Amino acid sequence: YARERRELMTVKNGAFVEIEYVGRVATTNQVFDLTSEALAHQEGVFSRHARYGPRVICLGQGRVVKGLDHFLSGKEIGKAYTVTLAAQDAFGLKDPKLLRMMPSKIFLNQGIKPMAGLRVNLDRAMGTIKSVSGGRVVVDFNHPLAGHDVMYDVKVLRVVTQPEEKVRALLEGLAPEDVRIAIKGKACEIELDLPEQLHAILEKEITQRVPELTKMTFVGTKKKDAPAPQ
């Protein structure tokens, strides 16, 4: 009985779980990500643009850095853990090939004054300016935390069982938090404007991760809200 109870209290790959966490750079203890708004204020890292609150993820599917994803498998619900991850299991090692030297006029033509430490978006790739000298700018397109060991304080709060909540978790980053999701039986309708080529990809992922659903329909809001022709 005790063994059976323990298995019920732990989580496995493929499960949807709600977690809370704080991530820190291991060498400096600097916070780089967290779910608690109160702690964000306390640590002096609060941003009004950030989304706070526990996060729902599908375990083992790369929704968090791979080291944390792997660590959470088999952990107990409600128990707090601390784990230190080597760089290669977090945001990766530094790749020298992602350092690029560029003429400063590229930035000046866009109204950007290049300076060390500035984050820039070039050709849809985010980078950090490392140095500016003699009309040349060195930009690092590695993740800002590449090469750093990190530490997480993390807790699994609960296992998510409702299909709608699972679908919302899978749509994270693609849809607003309040996206309309209607579920009737095994059919799911999502009110979301996406290129049609993404529909099949999303349908496959959602029906694989949420086997309770077998049919997906995407309803475009633009078409629905467009005025009727005169």
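**Ground rules.** I worked on a predicted model, in which local features need pLDDT of at least 70, side-chain atom pairs count only at pLDDT 80 or more, and totals for chains, interfaces and linings use all residues. I numbered residues from 1 along each chain as its sequence is written, and my side-chain values use heavy atoms, with hydrogens and water left out.

**Ring pairs.** I looked up the aromatic pairs and found five in the structure, where rings of Phe, Tyr and Trp (its six-membered ring) pair if their centres lie within 6.5 Å, and planes under 30 degrees apart count as stacked, over 60 as edge-to-face and the rest as tilted. One of them joins Tyr21 and Tyr152, which I record as edge-to-face because the centres are 6.1 Å apart and the planes stand at 70 degrees. This pair links distant parts of the chain, 131 residues apart, with Tyr21 in strand β1 (residues 16-25) and Tyr152 in strand β9 (residues 150-159); strands are DSSP runs of E, at least two residues, numbered from the N terminus.

I then checked burial, taking buried as under 20% relative accessible area, exposed as over 50% and partly exposed as in between (1.4 Å probe, protein chains only). Tyr21 and Tyr152 are both buried, and Tyr21, Phe32, Phe91 and Tyr152 form one aromatic cluster.

Phe46 and Tyr52 make a stacked pair, with 5.6 Å centre to centre and 15 degrees between the planes. Phe46 is partly exposed at 35% relative accessibility, whereas Tyr52 is buried at 18%.

Notes
Helices (H or I, at least four residues) and strands (E, at least two) are DSSP runs, numbered from the N terminus.
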